[in-house]
Amino acid sequence: MSKICTINEESLQLAAQIINAGGVIVVPTDTVYGVACDPFNEDAVAKIYQLKRRPRTKALQILMSSVSDLEKLGLYLPSPLDVLAEKFLPGGYSPIARAKKDSVATRLATLCKADENNEQNKIQAEATQGVRVPDCPELMKILRVTGPLAASSANRSGNESADSVEEAFAAFGDEIPLYLNAGPTRSHVASTVVGADSRDKDGIVILREGVISEEQIRAESRKK
């Protein structure tokens, strides 16, 4: 039977136990609720794809408590994404980090390969990883006990993202053992995903416009 819990010492310890055992939980963020697991556990990552019915070609994000977590994950932010991180993190900015050889991102990307005939896509997927440092005190408490989490929005693929724990539970029910409740989020709108692109005049590409507008991102990029 699933549990919907407020965030306290007991529920945080339960969350850590589930994550350490290769399980999946639902967590709040500053944008929408997310379904999350240990990014180093390939079986747990596969569970998220199964639960969401999400194509393996769509990579998961990694939620972190600080940009300093990039190093332990074997990731780094290329320019100008590192400069933008100083402005927009913590918050609804999801930069596409680059992976060092044999990093967790490479292993996550391995699970996302669906088009085995497209070598260029495979190389590109293995080299990058979307990351987030949400502006959400409740999630920071969770990440301090679990460490970085691989995550995606808490909904079946193609459906609207959950902005409350009730909507997340309606999507997954008892398929997920623990839902951590921090009340409704600000909206159904997800984070803005940004990659580095040397061919663009601002050095960036907006892969998904979300809570931070493309105009805001580009304006800040031009200040670099």
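Start by selecting asparagine 155 and serine 153: their side chains are joined by a polar contact of 2.5 Å. Keep in mind as you look around that this is a predicted model.

**Around asparagine 155**

Stay on asparagine 155 and show the chain on either side. Asparagine 155 sits in the loop between β8 (149-153) and α8 (165-172). Is asparagine 155 buried or exposed? Its relative accessible area is 4%, so asparagine 155 counts as buried. Now display its neighbours. Leaving aside residues up to four places away in sequence, asparagine 155 touches Lys52, Glu160, Ser161, Ala171 and Phe172.

**Along strand β8**

Next, select β8 itself. Four of the five residues of β8 are buried, so this strand is largely enclosed by the rest of the structure. Which strands pair with β8? One of them is β3 (residues 34-37), which runs antiparallel to β8 and is joined to it by four bridges. To see one of the pairings, pick valine 35, whose bridge partner in β8 is serine 152. Then turn to β4 (residues 61-63), which also pairs with β8 in the antiparallel sense, over three bridges. Here, isoleucine 62 stands opposite alanine 150 of β8.

**Into the nonpolar core**

Valine 131 belongs to the largest nonpolar core, which has 21 residues; Tyr93, Val131 and Ile217 touch the most other members. Colour α3 (69-73), α4 (81-88), β6 (93-99) and β11 (204-208), each of which supplies at least two residues of this core. The greatest contribution is from α4, with four residues. As general background, nonpolar side chains tend to be buried together in soluble globular proteins.

**Two aromatic pairs**

Show the aromatic rings next, and look for the two aromatic pairs in the structure. Phenylalanine 88 and tyrosine 93 make a tilted pair, 5.9 Å centre to centre with 45° between the planes. Phenylalanine 88 counts as buried at 11% relative accessibility, and tyrosine 93 is buried too, at 0%. For the other pair, select phenylalanine 169 and tyrosine 179: the ring centres are 5.3 Å apart and the planes lie at 65°, so this pair is edge-to-face. The pair links distant parts of the chain, with phenylalanine 169 in helix α8 and tyrosine 179 in strand β9 (residues 178-181), 10 residues apart. Which of these two is partly exposed, and which is buried? Phenylalanine 169 is partly exposed, with a relative accessible area of 31%, while tyrosine 179 is buried at 0%.

**Strand β10 and its partners**

Now select β10 (residues 192-196). Four of the five residues of β10 are buried, so the strand is largely enclosed by the rest of the structure. β10 pairs with β6 in the parallel sense over three bridges, and proline 95 has valine 194 of β10 as its bridge partner. β10 also pairs with β11, in the antiparallel sense and over four bridges. Pick glycine 195 to find its bridge partner in β11, valine 205.

**Zooming out**

Finally, show the whole protein chain, with its nine helices and 11 strands. Of its 224 residues, 53% are buried.

Notes:
Residues are numbered from 1 along each chain as its sequence is written. This is a predicted model: local features need pLDDT of at least 70, side-chain atom pairs count only at pLDDT 80 or more; totals for chains, interfaces and linings use all residues. Side-chain values use heavy atoms; hydrogens and water are left out. Buried means under 20% relative accessible area, exposed over 50%, partly exposed in between (1.4 Å probe, protein chains only). A polar contact is a pair of N or O atoms within 3.5 Å; within protein, one must be able to donate a hydrogen and the other to accept it, and residues adjacent in sequence count only if both atoms are side-chain atoms. Contact means heavy atoms within 4.5 Å. Two strands pair if DSSP finds at least two bridges between them. A nonpolar core is a set of buried Ala, Val, Leu, Ile, Met, Phe, Trp, Tyr and Cys residues joined through side-chain atoms within 4.5 Å. Rings of Phe, Tyr and Trp (its six-membered ring) pair if their centres lie within 6.5 Å; planes under 30 degrees apart count as stacked, over 60 as edge-to-face and the rest as tilted.
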